[in-house]
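Trainee: I would like a close look at a single part of this model. Please pick one and walk me through how it is put together.

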Amino acid sequence: MQRTLSIVKPDGVARGVIGEVVKRLEANDLKVLAMKMIHMTKAQAEGFYAVHRERPFFHSLTDFMSSGPVVVMVLEGENAIPRYRELMGATDFKAAAEGTIRRDFATDIEKNIVHGSDSAETAAIEIGYFFNAFEINPR
């Protein structure tokens, strides 16, 4: 079993697709072990995306991620990381496969509805950024 972090970004929360995202996760045997809605400060968003600090999109990304509430979740399942990344679709929603979350709901490359960890190492760090051990329910 593998764990990963999922974030429904401010655009997804504002557009009311939290339930649809969770429905797709559960339909694909990804169990939600923890979930909460938060509103990150700019500093919290910068801390979370620190790995991208030198990238040209860092400031617009952290502005966006701190612009409204997000829903953070810990997911668990067989090969959860690659399975969730497949469900999300490509970062550029125009290149995402039909039926993926981003293809169905995103409006631009940055406002692409969801975030997911890209490796087991990243998942452990990202999960720890938002959740303590007492908040994650074992299944």
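**The sheet and its surroundings**

Mentor: Let's start with β2 and strand β3 (residues 70-77), which pair in the antiparallel sense over 7 bridges (strands pair if DSSP finds at least two bridges between them). This is a predicted model, where local features need pLDDT of at least 70, side-chain atom pairs count only at pLDDT 80 or more, and totals for chains, interfaces and linings use all residues. Residues are numbered from 1 along each chain as its sequence is written, and side-chain values use heavy atoms, leaving out hydrogens and water. Helices (H or I, at least four residues) and strands (E, at least two) are DSSP runs, numbered from the N terminus.

Zooming out, the order β2-β3-β1-β4 makes an open sheet of 4 strands, with antiparallel pairing. β2 (31-38) and β4 are the edges; each has a single partner strand, so one side of each has no neighbour in the sheet. From one strand to the next, the twist averages 20 degrees (axes are fitted to C-alpha atoms, for helices over the stretch in contact, and angles run from 0 to 180 degrees between N-to-C directions).

Helix α2 (residues 18-27) lies across β1 (2-8), β2, β3 and β4, and runs at about 5 degrees to β3 (contact means heavy atoms within 4.5 Å). So, what joins these strands at the backbone? Strands of a sheet pair through backbone hydrogen bonds, in a parallel or antiparallel sense.
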